[in-house]
Every structure is written in C-alpha cells, then in structure tokens.
Amino acid sequence: MKTPRERIDIVRGDITTLDVDAIVNAANSTLLGGGGVDGAIHRAAGAELLAECRTLGGCQPGEAKLTRGYRLPARFVIHTVGPVWTGGNRDEAQTLANCYRNSLQLAVENGIKTIAFPAISCGAYRYPIRQAAQIALETTKDFLSSSDKIDKVFLVLWSKEIYDAYRESL
Ligand code: AR6
C-alpha cells in the first residue's frame, strides 16, 4: 500500500475544474454561498447546488456536509466551515483540523476515493498561511495513515504564496 505522503498531491489551480469524486468547499455556516472558492463552486455547479444546500440547515465550524456536484466534473461537494482567525485563542487550530478530519470521514462513508481540498480559512477568514498549511498536511497524513479507503487527496492552491507554503510544510 502507498504511504500517506504518496497519496497526497499539492497542486496549483482552480478546484472547480478537477475531475475527482469530491471537492471540498470552504463555506460559511449558512451554506448558502459567498465569495472566494465558495462563490466559484456555486457558479460552476449551478443553481441546483444552492437548492440542495437550502435543505441542509447550515453547518457548524469544523463540521462537514455532503451534496451532489451537479454541473461540476466532481460527483460530490463536501461543504465544511473553517474557523475565522481571531488570534489563535478560540480553538481555531482544533476547528481547522476538524474540517479536514470530518470531510475525510464523510468521504469514506460515501465511498469517495479521490478528494480535493482548497486552503480552508486562508482567504476571507484570514488564517495564517503557514500554520494552516501545517494543519492541512498533518491532519490529512494522520487520517490517511489510519485508513486505506482514500486513494488520493489533492490540496489545490489558487495562489503561488499559499502553494509555496504548502510545499515547504511538506
Ligand atoms: N480554486 C481553489 N482555490 C480557490 C479558488 C478556486 N477556484 N478560489 C479561491 N480560492 P476563501 P475562507 C482560494 O476566502 O477563508 C466565502 O465567502 C483563495 O485564494 O474562499 O475559508 C465563504 O462563503 C484562498 O486561498 O475561504 C465564507 O464566508 C482559499 O481558496 C468565507 O469566504 C480560501 O479562501 C470563507 O473564508
């Protein structure tokens, strides 16, 4: 079996274009859309995504909920809500780790083998990039070392700065 490291790919690009079983959305707790990667995912998936999101009753920070992918190449979208960075004293690190863990767990429960994450909380929610990169990588590696159900995790970074931070953390 491949090592956890061999099952993680760090790539630059637009997550909405990826042909994977599921892409993860960095949503807000209403799950009713927003800017950043959330806006891009809703635009690419079409109005049916918002209609399904309306049935979910929102989502707490650190938790994750599944919808179909509609017009996306991805079959599913896993919506998670990252922490807003307020200095690090409000369990932001724990909440961010929960986003990765709970999204991966939900993927396993739904037979998802390939999954792509954006840099959750690294935009509007202002999480310090290096710390977020470390949490993304550590939490994903830990999960993969305890489960062989996921074949590949793509960490998809839009900006060069964040891409470089992830490469360094690896
Ligand atoms: N593909 C991959 N990454 C992207 C894309 C894309 N198409 N577009 C943006 N990013 P953000 P957050 C990057 O702000 O910090 C929304 O309004 C972006 O460059 O999308 O968790 C929600 O509704 C950044 O590095 O998410 C919430 O209200 C990263 O994705 C709030 O923003 C995450 O930035 C969530 O804030």
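Modeller: Happy to, starting with the overall size: a compact globule of 170 residues would have a radius of gyration near 15 Å, and the protein chain, at 14 Å, agrees with that. Please keep in mind that this is a predicted model. The C-alpha trace of the protein chain spans about 40 × 40 × 25 Å along its principal axes. Five helices and six strands make up the elements of the protein chain, and read from the N terminus they follow the order β-β-α-α-β-β-α-β-α-β-α.

Now to the site you asked about. The ligand sits in the largest pocket. Two elements, strand E2 (22-27) and helix H1 (36-45), each give two or more residues to the shell around the ligand. Of these, H1 gives the most, with four residues. By residue class, the shell around the ligand holds 12 nonpolar, eight polar and two charged residues. There are 22 residues around the ligand in total, and those that come nearest are Asp 14, Asn 28, Gly 35, Asp 38 and Ser 121.

Asn 28 uses its side chain, with a polar atom 2.8 Å from an oxygen atom of the ligand. Ser 121 uses its backbone instead, where an N or O atom lies 2.8 Å from an oxygen atom of the ligand. Tyr 125 likewise has a backbone N or O atom by a ligand oxygen atom, here at 3.1 Å. As for how covered the ligand is, it exposes 710 Å² when taken alone, and the protein buries 87% of that.

How values were computed: Residues numbered from 1 in each chain as written. Predicted model: local features only at pLDDT ≥ 70, side-chain atom pairs only at ≥ 80, totals over all residues. Heavy atoms only, no water. Near = heavy atom within 4 Å. Polar contact = N/O pair within 3.5 Å; in protein donor to acceptor, adjacent residues only side chain to side chain. Areas by Shrake-Rupley, 256 points an atom, 1.4 Å probe, with all protein chains shown as cover. 1 Å grid on protein atoms, 1.4 Å probe; cavity = no way out; pocket = protein on both sides within 12 Å on 5 of 7 lines; lining within 4 Å. Sits in = over half its atoms within 2 Å of the grid points. Nonpolar A, V, L, I, M, F, W, Y, C, P; charged D, E, K, R; others polar. Rg over C-alpha atoms; globule rule 2.2 N^0.38 Å.
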